Amino acid sequence: MTGLPSPPFTVGVEAGPDAVRLRLAGDLDFDTSDLLVERARACLAAEPGPQDLFLDCSGLRLCDSMGVSSLLLIHRGTSSRGVALHLENPPAFLRRMLDVTGTARLFVLDGAGRQTEQEEGTPPAPSG
């Protein structure tokens, strides 16, 4: 019995004057985390560098420990350059992983993360 193949992991890049958005789709895991880190590093190395790096997570189906590790590597690269790292539309499973590991505070969580907080009765994070 063979499992169904999972859809490929893709990273779409949208570059603007001060910001870059990476649109993630598929499974962020051991096999795909290097691709994400390489794309993020390439975006950060561009001249002029972005002030904000957005990771649109709405297309993620899965994120394992290597996926979280890749997010932390990207955070290290953004923080050393003074770039804000935004996680947009993190699925509930990703938000839970970040909360459990204590790493959610490292990211600006946009989109579904705030909506989930409001639904659970937690006051929304101040915007600014």
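Aspartate 64 caps the N-terminal end of helix H2, placing a side-chain oxygen 3.0 Å from the backbone nitrogen of methionine 66. The model is predicted, so local features need pLDDT of at least 70 and side-chain atom pairs pLDDT 80 or more, while totals for chains, interfaces and linings use all residues. Residues are numbered from 1 along each chain as its sequence is written, and side-chain values use heavy atoms, without hydrogens and water.

Glycine 82 follows H2, with a positive phi near 75°.

Buried residues (under 20% relative accessible area, 1.4 Å probe, protein chains only) of H2 include Val68, Leu71 and Ile74. Gly67, Ser70, His75, Gly77 and Thr78 are also among them. The buried residues of H2 pack against strands S2 (19–28), S3 (52–63) and S4 (84–88), and against helices H1 (33–45) and H3 (92–101).

The protein chain holds four helices and five strands (DSSP runs of H or I, at least four residues, and of E, at least two). Their order from the N terminus is β-β-α-β-α-β-α-β-α. Of the 128 residues, 38% are buried. Among contacts (heavy atoms within 4.5 Å) between residues at least 6 apart in sequence, 61% join residues at least 24 apart.

The whole structure has zero disulfides (cysteine sulfur pairs within 2.5 Å). The sulfur of cysteine 57 has its closest cysteine sulfur in cysteine 63, at 7.9 Å, too far for a bond. Cysteine 57 is buried at 0% relative accessibility. Cysteine 43 is buried at 11%.

Key
Buried < 20%, exposed > 50% of the residue type's maximum accessible area, 1.4 Å probe, protein only. Polar contact = N/O pair within 3.5 Å; in protein donor to acceptor, adjacent residues only side chain to side chain.
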